[in-house]
Amino acid sequence: MSDDRPAAVARKLPGKPRPRKDVIAELEAYDAKVRERHLANNDMDALRLYNFFHSPQPKRITQWRLQLDCGHIVEDYTYGDRLPTEGQWDEPFHRGKLPLGQYWHWHEGDDRPTVEQKVVSWDERVREVPPDPIEPPEHWRDHPEVWAKIRSDLPRAYWKVTLSCGHRSTMLIAVEWSPEDGHSYPEVSAEQVAAAHARLDESQEAGLRDEGIEHGKRWWSEGCPTPDTHTSCNVCPNVRWIVAYQSHGTLVQDRPAKPKKPSRQSVQRKLADAKREAKRLEDQLAAMGDDDD
Ligand SMILES: [Zn+2]
Ligand SMILES: [Zn+2]
């Protein structure tokens with residue numbers, strides 16, 4: 001989805017940045033906490049690394065305000081003068097990074113649906129999970145018939161995957177499956193697909209979520225692939241594009257030294273010097289008499 005990336009422009013944004021001293025105070029508090037922790041653990045290696053690589057250096061940190069495609073303006077910081085669209089921002093769900101130009105942003109009332117995306121790579125098999133128990137777990141107690149339908153008889157493994165939107169996700173797949181196996185397709189007739197679509201349309205009327213229905217229809221239309229070729233991305237609804245940014249410079253700025261205000265004493269001294277010089281010139285002139293005329 002990096003093709004959808006809007007061009008971000010540098011411009012003056014409405015509002016004001018946080019006062020630099022507040023940001024620096026926050027950084028110092030954080031810095032003290034990390035140091036304290038390393039010292040308490042007597043972990044001098046970690047402290048040394050921290051000093052070299054992570055200890056915040058306000059002189060090198062640039063304060064930015066970013067305007068996102070929802071219209072909101074947020075504040076964040078980069079090291080050096082790298083533009084906010086030239087480095088990847090963090091993504092907490094999979095502890096990774098977002099595609100260039102995106103920013104993690106969600107707030108109350110921002111109810112965007114999860115979006116189904118194509119799986120473009122199967123990156124890492126992480127851990128196995130045993131078959132689901134026959135007895136319904138706590139939150140399925142009241143619906144044993146639904147549990148009986150959805151529970152898995154087979155052990156499965158979690159896979160980390162990358163999606164066409166550039167985000168990461170995880171999927172549960174049969175334990176013995178590996179990416180070289182590709183997808184398998186059962187024999188499905190056109191009638192079966194049509195019947196499944198009709199069933200899904202009925203559930204739409206029964207108030208099932210649109211995303212689930214779209215997902216089901218797409219899966220049936222593709223011929224019921226295992227593992228699925230798509231999965232829903234829970235990162236997409238939580239990110240926005242950066243459309244504009246304004247730099248407020250580094251947190252600590254070198255100001256040109258102001259000229260010092262002279263003291264009364266030094267003015268008096270200068271005046272005395274000037275008077276003496278004037279007197280000397282007058283005397284010199286007097287000594288010359290009219291010789292040069
Ligand atoms: Zn917003
Ligand atoms: Zn996504």
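The four donor atoms around the zinc ion (ligand 2) make angles of 103 to 115 degrees with one another, and the site is tetrahedral. This description, like everything that follows, concerns a predicted model. The donors at this site are Cys165 through SG, His167 through ND1, Cys233 through SG and Cys236 through SG, at 2.1 to 2.3 Å from the zinc ion (ligand 2). Histidine 167 belongs to the loop between β8 (156-163) and β9 (168-174), while cysteine 236 belongs to the loop between β10 (230-233) and β11 (239-250), so that this pair links distant parts of the chain, 69 residues apart. Along the sequence, the donor residues of the zinc ion (ligand 2) are spaced C-x1-H-x65-C-x2-C, and both histidine 167 and cysteine 236 are buried.

Strand β2 (residues 61-68) is largely enclosed by the rest of the structure, because 8 of its 8 residues are buried. In a regular strand the side chains alternate between the two faces of the sheet. In β2, Ile61, Gln63, Arg65 and Gln67 point one way, whereas Thr62, Trp64, Leu66 and Leu68 point the other way, and all of them are buried. Strand β2 runs antiparallel to β3, to which it is joined by 7 bridges, and isoleucine 61 has tyrosine 79 as its bridge partner in β3. The hairpin of β2 and β3 has 4 residues between the strands, and there glycine 71 takes a positive phi near 100 degrees. Strand β2 is also joined to β11 by 6 bridges, again in an antiparallel arrangement, with tryptophan 64 standing opposite serine 247 in β11.

Another set of pairings is built around β7. Strand β7 (residues 115-129) runs antiparallel to β10 and is joined to it by 4 bridges; here glutamate 116 stands opposite serine 232 in β10. Between β7 and β8, which also run antiparallel, there are 7 bridges, and tryptophan 122 stands opposite valine 161 in β8.

The next feature is the empty space in the model. Rolling a probe the size of a water molecule over the atoms shows where empty space is left. The largest pocket has a volume of about 560 Å³, and of the 21 residues that line this pocket, Asp76, Tyr77, Tyr79, Trp89 and Asp90 are the closest to its centre. At least two lining residues of the largest pocket come from each of α1 (20-40), α2 (44-54), β3 (73-79) and β6 (102-104). Sorted by class, the lining of the largest pocket has 12 nonpolar, 3 polar and 6 charged residues.

A few places in the backbone deserve attention as well. Most residues other than glycine have a negative phi, and most peptide bonds are trans. Asparagine 42, in the loop between α1 and α2, has a positive phi near 55 degrees, and asparagine 42 is exposed, with a relative accessible area of 60%. Arginine 95, in the loop between β4 (90-91) and β5 (96-97), has a positive phi of about 50 degrees, and with a relative accessible area of 80% arginine 95 is exposed. Threonine 226 and proline 227 are joined by a cis peptide bond whose omega is about -10 degrees, and proline 227 lies in the loop between α5 (210-221) and β10.

The last stop is alanine 148, in helix α3 (residues 144-150). Alanine 148 counts as exposed, because its relative accessibility is 55%, and exposed means over 50%.

Terms used: Residues numbered from 1 in each chain as written. Chains lettered and ligands numbered in written order. Predicted model: local features only at pLDDT ≥ 70, side-chain atom pairs only at ≥ 80, totals over all residues. Heavy atoms only, no water. 1 Å grid on protein atoms, 1.4 Å probe; cavity = no way out; pocket = protein on both sides within 12 Å on 5 of 7 lines; lining within 4 Å. Points joined across faces, edges and corners; volume = space filled by probe spheres on them. Nonpolar A, V, L, I, M, F, W, Y, C, P; charged D, E, K, R; others polar. Donors = N, O, S within 2.8 Å, 3.2 Å for Na, K, Ca; no water. Tetrahedral: all angles 85-135°; square planar, octahedral: opposite > 155°, others 65-115°. Buried < 20%, exposed > 50% of the residue type's maximum accessible area, 1.4 Å probe, protein only. Pairing = 2+ DSSP bridges.
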